[in-house]
Amino acid sequence: MQIRFHGAARTVTGSMHILTVGGKTVVLDCGIFHGKRDEARERNRSFPFDPAEIAAVVLSHAHIDHSGNLPGLVKQGFHGPIYCTKATADLCAVMLKDSAHIQEKDAEYVNKKHAKKHLPPVEPLYTQADAHNTVPLLIGMDYSATFPVVDGIEARFEDAGHILGSASIALTLREGSRTVTLAFTGDLGRPNLPILRDPVFLGDADYLISESTYGGRIHAPVSAMEEQLLDPLRRGIERKAKMIIPAFSVGRTQELVYVLHKLSLAGKIDHLPVFVDSPLSVNVTEVFRNHPECFDSETWEILNADHDNDPFGFERLQYIRDVEQSKALNDRPGPFIVISSQGMCEAGRVLHHLANGIGDPRNMVLIVGYQAEHTLGKKLVMREPVVNIFGEPHEVKAEVVVLNAFSGHADRNELLAYLQQFDKRRLRSSFLVHGDLDQAEKLTAGMKEAGFGRVVIPTRGDRVEL
C-alpha cells in the first residue's frame, strides 16, 4: 500500500494524491495547478501515470484546484468512476463545463495577440466536449455512508464545512492480511461560516493527510465579516467607486451575497447596486438552492421564517449572464459592486473588469480569498505597482483591500483544534499538503507542541509505504 504525493505538495493548488492498494490505483482529487503560465501549462498537461490505468477518483470538493483537471484526465483515457458528494457532483456538472469554456475563450483571446506578434498559438487544456464526457462519470454519495471504491478500498465522506458539498474522506485500505485507515481532510472550513454546517470530525486513523493553507496565520473572526466588509464599502460609496471583488463562483460568491443581503436588510447598503457577473455563479447559486441539506441552522431559520426571503438575492442585486451586460459595467458610473470570477484573477470576466478599473484611483479591489504565488491576485495583494493582464501592463492605482474574515479555510487555531481530535497514540504519520512551505512548517511546529508524533511535509513525487 502506497501514497504518492503529486499535486499541492509544498504549494496550494493542483491537489492530487495517488493511492495504490492491491495493484489498483485511485486518485484523491485531480485539480488544476495555478502559477507561472508556462509551468502551469506543463504541469496540468502531464500526469505521473497513464490515466487509462486509473481505477477511480475520489473527489473532496468542486473547487477547480481540486476538480478542475478531471476533463484532462478523461481526455487522456480515464473512464472510471469519480466518487464525490451529491452536491459536489451537481456543482462539477456546471463548473467543469464553465472551466472548459473559459479556457477555450482565453486561448482564443491570447491567440489573437500571438498572431499579431507572430508567436505560436496556444491550445486550451481541454474542451467543452471533454468536460461533457466527464460529467456522466460523477457518482454522488451521501455523507456518512461507507461505500466501496475498488477492491481493497472503502471510503466515507464527512462534511468539511468548506464549500457546498465539500468533504473530508475516511479511507479503509486492505491488502492481504493488512488493514490501515487513512484520513484526508480535503480543505477544512471554519466553524460558524455563513450558510454551511461546521466541519465534522472524520474519526481516528492510522495515517493523516491534512491541508495546511493557513497553518501559520490567524484569521479575523467570522463574526467580523459584516463590519470588515462594510468599512471599505462606505469609503467606496463616498468616492463613487467601482468596487471589484474577484471571488470563486462556488462558496465565496454565495457568502458575499449572503452578507450583502443581511447588510441590505439592515438598511446599511440598501442604495448600493450589486452585480454578480459570472454565468457560472448564477448556475452555482441555483445548485445551492437545490441542496439545503448542506445548510446550517441560521440559514434554515431564514428560509423557514419567510419562504420568499431568498438568502442569495435582494432588491439591489442583479445576476448577469449576458456578455453585453457585462461590458456595459465598464461605462457605468459608480458607486456599485461587481463580484466576478475567477477568485485568483487568472481567468474569466474579472480580468476585463480589472483591466478597465484598476487604473482609476477612485476604484477599489477587494480580495476575499487565498491567492496562490505568481497569480495576478497575489500580485494585487502585494500591491505591485504594475501588473500584466492578457499580456499588457496596467498601472495599479485603485485601492486594494484584503479581507481575511471571508476565508473559507480554517486558520492555524481552527486547524489545530480539528486535528487534536485524532488519537495521537494511534496516528503513525501525518502528512501536510495544500500549503506553502512556510505555512506547513508553522503548522508542523504547532502539531509537535500539541503532542503529535511524526509529521511530514512531502515534496512532489514523494512515495510513502503504508
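This is a short chat about a few places in a predicted model.

Q: Let's start with helix packing. At what angle do helix 4 and helix 8 pack?
A: About 170°. Helix 4 covers residues 86-116 and helix 8 covers residues 279-289. Their axes are 10 Å apart.

Q: Parallel or antiparallel, roughly?
A: Roughly antiparallel, because angles over 145 degrees count as that.

Q: Which residues of helix 4 make the contact?
A: Ala87, Asp90, Leu91, Val94, Met95 and Asp98. Helix 8 brings Leu280, Asn283, Val284 and Val287.

Q: I see a spacing there. Why would residues three or four places apart point the same way?
A: An α-helix has 3.6 residues a turn, so residues at that spacing point the same way.

Q: And by class, how many nonpolar residues are in the contact of helix 4 with helix 8?
A: Seven nonpolar. There are also one polar and two charged residues.

Q: Which ones are buried in helix 13?
A: Arg412, Glu414, Leu415, Leu416, Tyr418 and Leu419.

Q: What covers them?
A: The cover includes strand 9 (167-175), strand 11 (207-211) and helix 14 (437-449).

Q: What does Asp411 do at the start of helix 13?
A: A side-chain oxygen of Asp411 comes within 3.2 Å of the backbone nitrogen of Asn413.

Q: OK, Arg454. Where is that?
A: In strand 21, residues 454-456.

Q: What does Arg454 touch, leaving aside neighbours within four places in sequence?
A: Arg428, Ser429, Ser430, Phe431 and Lys448.

Q: Which of these side chains makes a polar contact with the Arg454 side chain?
A: The side chain of Ser429, at 2.8 Å.

Q: And how far apart are Arg454 and Ser430?
A: 24 residues in sequence, and 6.3 Å in space, C-alpha to C-alpha.

Q: Last one, His66. Which helix is it in?
A: Helix 2, residues 64-67.

Q: Is His66 buried or exposed?
A: Buried, because its relative accessible area is 1% and the cut-off is under 20%.

Q: What surrounds His66, sequence neighbours within four places aside?
A: His66 is in contact with Ser15, Asp29, Cys30, Gly31, Leu59, Ser60, His61, Asp187 and His434.

Conventions. Residues are numbered from 1 along each chain as its sequence is written. This is a predicted model: local features need pLDDT of at least 70, side-chain atom pairs count only at pLDDT 80 or more; totals for chains, interfaces and linings use all residues. Side-chain values use heavy atoms; hydrogens and water are left out. Axes are lines fitted to C-alpha atoms, for helices over the stretch in contact, and angles run from 0 to 180 degrees between N-to-C directions. Helices (H or I, at least four residues) and strands (E, at least two) are DSSP runs, numbered from the N terminus. Angles under 35 degrees count as roughly parallel, over 145 as roughly antiparallel, 65 to 115 as roughly perpendicular and the rest as oblique. Contact means heavy atoms within 4.5 Å. Ala, Val, Leu, Ile, Met, Phe, Trp, Tyr, Cys and Pro count as nonpolar, Asp, Glu, Lys and Arg as charged, and the others, Gly among them, as polar. A polar contact is a pair of N or O atoms within 3.5 Å; within protein, one must be able to donate a hydrogen and the other to accept it, and residues adjacent in sequence count only if both atoms are side-chain atoms. Buried means under 20% relative accessible area, exposed over 50%, partly exposed in between (1.4 Å probe, protein chains only).
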